[in-house]
Amino acid sequence: MFFLKFFILSLILSVALGQDTRSVLIQSPKTVTVNHGGTVTFHCDLRSSNVDYTVDKYDVHWHHSRHGPVVLTHFAGGGVHRLRGFSERFQLSREVTSNSYILTIRELQLSDTNTYICQIWGTVFGKGTQLNVTNRDTWPVLIQSPEAVSVPEGGTVTFHCDLRSSNVNYTVDIYTAHWHHSRHGSIILTHFAGGGVSRSRGFSERFQLSRNVTSNSFILTIRELQLSDTNTYICEIWGKVFGKGTRLNVTSANVPVLLQSPILERVTEDHTARLQCIVMNAAVTHTDVHWYREQPENNTEWVLTHDVKNIKQRSPGFTERFQSSRDPSSNSFILTITNVQPCDTGVYYCKVWGDINGNGTQLTVTEVNHLWKTKLIWFILGALFGNTAVILFIGYTCLRKKHSITSQSGAANDLNTTADYGNMKMLQNAGDFPEDSNAVYSTLQPMDQSVYSNIKETGKI
């Protein structure tokens, strides 16, 4: 008789408590960012081992926190109760097919930013959906510091990710922060708004996540640093707002040494310069390199970056004339500048690990005097074609003089005319004019024809 009573009591308790122990509410999405004025829909799926537990049989309540007041209720009979301030923009519904409770919010306002948690029976809660309503003009930015840091193996490092926004409601305590190794890479660490932490496989408790509400910062601290921790660490919120990253280099006892050669490189304009950066105590195939240029009266400027994945990024203003490469045989980085120009003159530095510089190479570009090229061309033409080439040279010279004459005074015109006469007279005495001098006259412009006529009247042309 005792065992029968015990069995019945156990059965009653299992039925009474079964709702809590065999049912869960799964919310989706976990977080969502929507523009002001838009629409968003949250799902709260009821999952249970008891097929009789269906959403059409139970009231559902929505909260902003597990211990906060009920802001919305959807009764099993279909009625809706809204807390003051929650208008019909907040629509509640059910979908029996997927066994889901649904909350839809239309005409979103910035004040709708919050966490929305579904609940049934007073004891079963979902994990919540974080809604961020944004105005693109007021999107926050994440500022990371430091940009790069080198720390010895076994040490400790701390990264800061400051949340900056014109909207005072954007505070680190209400947002979930994620950390990546690249913008398009997987999440390695997550610090939830509620304080919980999720670590990807391989990330132990050496990686500590925290917040500083006073400075409005997300913080990542790594202890007992290992060489394998060397990487870039990027913070992110909302799935679309990223920091620029912090580059961490964990160093052993032997830090890299960069030797640049030559110390002075002189290159003639339009030729190619090749600057070498030899690396000691590190392999160039496993190291990012950054090139910088320093010019008189100018700040040091970034030229380009060549990372370990062979991806190259150039600073605005530096074209593909600037090429970076690696030479594993000499363990060197090479900066090649083609078609060099005088403006390329400066001191070029290679840099690795964010703070280790080479000794620099002074590049000096020598300008070319192009006048000799013109003289050489006419000399060759004269040798090949004789008088004809000379006549062409006279025409070319007169055309050049025309542009000078039109911009000078009358006195200067007299000087130029005399000079032209002298040049042509010398040619006449040398016997280089053809017999048919009218051929020359017909090819000249009006201004030059007058000069030619004066010579003809005083000479023997």
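**Cavity, pockets, strands and rings in a predicted model**

The structure holds 1 cavity of 30 Å³ or more. A cavity is a set of points, on a 1 Å grid over the protein atoms alone, where a 1.4 Å probe fits but cannot get out. Grid points are joined across faces, edges and corners, and a volume is the space filled by probe spheres set on the points. The model is predicted: local features need pLDDT of at least 70, side-chain atom pairs count only at pLDDT 80 or more, and totals for chains, interfaces and linings use all residues. Residues are numbered from 1 along each chain as its sequence is written, and side-chain values use heavy atoms, with hydrogens and water left out.

The largest cavity has a volume of about 40 Å³. Its lining consists of Thr31, Gln130, Asn132, Tyr175, Thr176, His178 and Trp238; lining residues have an atom within 4 Å of a point. By class, 2 are nonpolar, 5 are polar and none is charged. Ala, Val, Leu, Ile, Met, Phe, Trp, Tyr, Cys and Pro count as nonpolar, Asp, Glu, Lys and Arg as charged, and the others, Gly among them, as polar.

The chain has 6 helices and 33 strands. These are DSSP runs numbered from the N terminus: helices are H or I with at least four residues, strands E with at least two. Of the 461 residues, 39% are buried, meaning under 20% relative accessible area with a 1.4 Å probe and protein chains only. Among contacts between residues at least 6 apart in sequence, 55% join residues at least 24 apart. A contact means heavy atoms within 4.5 Å.

Pockets were also found. A pocket is an open set of points with protein on both sides within 12 Å along at least five of seven lines. Of its 41 lining residues, Thr232, Lys244, Arg247, Asp288 and Gln313 are the closest to its centre. Strands E12 (141-145), E20, E22, E26 (289-294) and E27 (301-306) each supply at least two lining residues. The lining has 15 nonpolar, 18 polar and 8 charged residues. The second largest pocket has a volume of about 720 Å³. It is lined by 25 residues, and the closest to its centre are Thr115, Lys127, Gly128, Thr176 and Phe192. Here E1 (23-28), E9 (114-120) and E11 (129-134) each give at least two residues to the lining.

Strand E13 (residues 148-152) pairs with E22 in the parallel sense over 5 bridges. Pairing requires at least two DSSP bridges between two strands. Val151 has Val250 as its bridge partner in E22. Strand E20 (residues 231-237) runs antiparallel to E22, with 3 bridges. Asn231 stands opposite Leu248.

Ile105 lies in strand E8 (residues 100-105). Its relative accessibility is 0%, so Ile105 counts as buried. Thr39 is 66 residues away in sequence, yet the C-alpha atoms of Ile105 and Thr39 are 5.7 Å apart. Beyond four places in sequence, Ile105 touches residues including Gly38, Phe90 and Leu131.

The whole structure contains 11 aromatic pairs. Rings of Phe, Tyr and Trp (its six-membered ring) pair if their centres lie within 6.5 Å; planes under 30 degrees apart count as stacked, over 60 as edge-to-face and the rest as tilted. Tyr170 and Tyr175 pair edge-to-face, at 6.0 Å centre to centre and 65° between the planes. Both are buried. Phe203 and Phe207 have ring centres 5.0 Å apart and planes at 70°, so this pair is edge-to-face. Tyr53, Tyr58 and Trp121 form one aromatic cluster.

Key:
Buried < 20%, exposed > 50% of the residue type's maximum accessible area, 1.4 Å probe, protein only.
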